[in-house]
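Here is a walk through one protein model. Keep the sequence and the structure in view as you read.

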Amino acid sequence: MERSKRGPAAGEMLQGTLDMLILRTLVMEPAHGHTIAQVIEHTSENALEVEQGSLYPALHRLEDRGLVAAKWGVSENNRRAKFYQLTAAGKRKLAAETSRWWQMTRAIGLILGAD
């Protein structure tokens with residue numbers, strides 16, 4: 001299946017990358033799923049598309065691992081929504097994964113001949 005100009009969908013990202021992007025999005029403030037997806041898409045200049053079929057399983061996985069906490073609230077359009085917040089464990093995981101990401105991208109860049 002051919003992708004649009006937007007780039008890879010979250011399901012096509014390297015394993016673990018979506019989790020890291022979600023954690024990074026929650027650094028600023030708690031957010032519900034739709035907002036998380038919008039922030040990732042906007043921040044990536046629409047290069048990454050976050051589909052619900054990937055986002056919500058990732059959020060549940062992060063919650064099960066204690067990296068995010070969730071509570072019900074009311075969204076900006078007055079609908080009931082689950083808001084996710086980064087936990088202390090999530091902050092530590094984000095720091096470790098970010099460091100690992102930069103090491104990997106540098107190593108891949110070296111192999112590909114990037115300066």
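**From a loop to a helix pair**

Ser-75 sits in the loop between strand E2 (68–74) and strand E3 (80–86). Strands (E, at least two residues) and helices (H or I, at least four) are DSSP runs, numbered from the N terminus. This is a predicted model: local features need pLDDT of at least 70, side-chain atom pairs count only at pLDDT 80 or more, and totals for chains, interfaces and linings use all residues. Residues are numbered from 1 along each chain as its sequence is written, and side-chain values use heavy atoms, leaving out hydrogens and water.

Is Ser-75 buried or exposed? Ser-75 is buried, with a relative accessible area of 7%. Buried means under 20%, exposed over 50%, and partly exposed in between (1.4 Å probe, protein chains only). Leaving aside neighbours within four places in sequence, Ser-75 is in contact with His-32, Ala-81 and Phe-83. Contact means heavy atoms within 4.5 Å.

Now turn to helix H3 (residues 52–64), where Leu-62 lies. Leu-62 is buried too, at a relative accessible area of 1%. Beyond its neighbours within four places in sequence, Leu-62 is in contact with Asp-19, Ile-22, Leu-23, Leu-67 and Val-68. Ile-22 is 40 residues away along the chain, yet the C-alpha atoms of Leu-62 and Ile-22 are separated by 9.1 Å.

H3 also meets another helix. The axes of H2 (residues 33–43) and H3 come within 11 Å and cross at roughly 115°. Axes are lines fitted to C-alpha atoms, for helices over the stretch in contact, with angles from 0 to 180 degrees between N-to-C directions. Gly-33, His-34, Ile-36 and Ala-37 of H2 make the contact with Leu-55, Tyr-56 and Leu-59 of H3.
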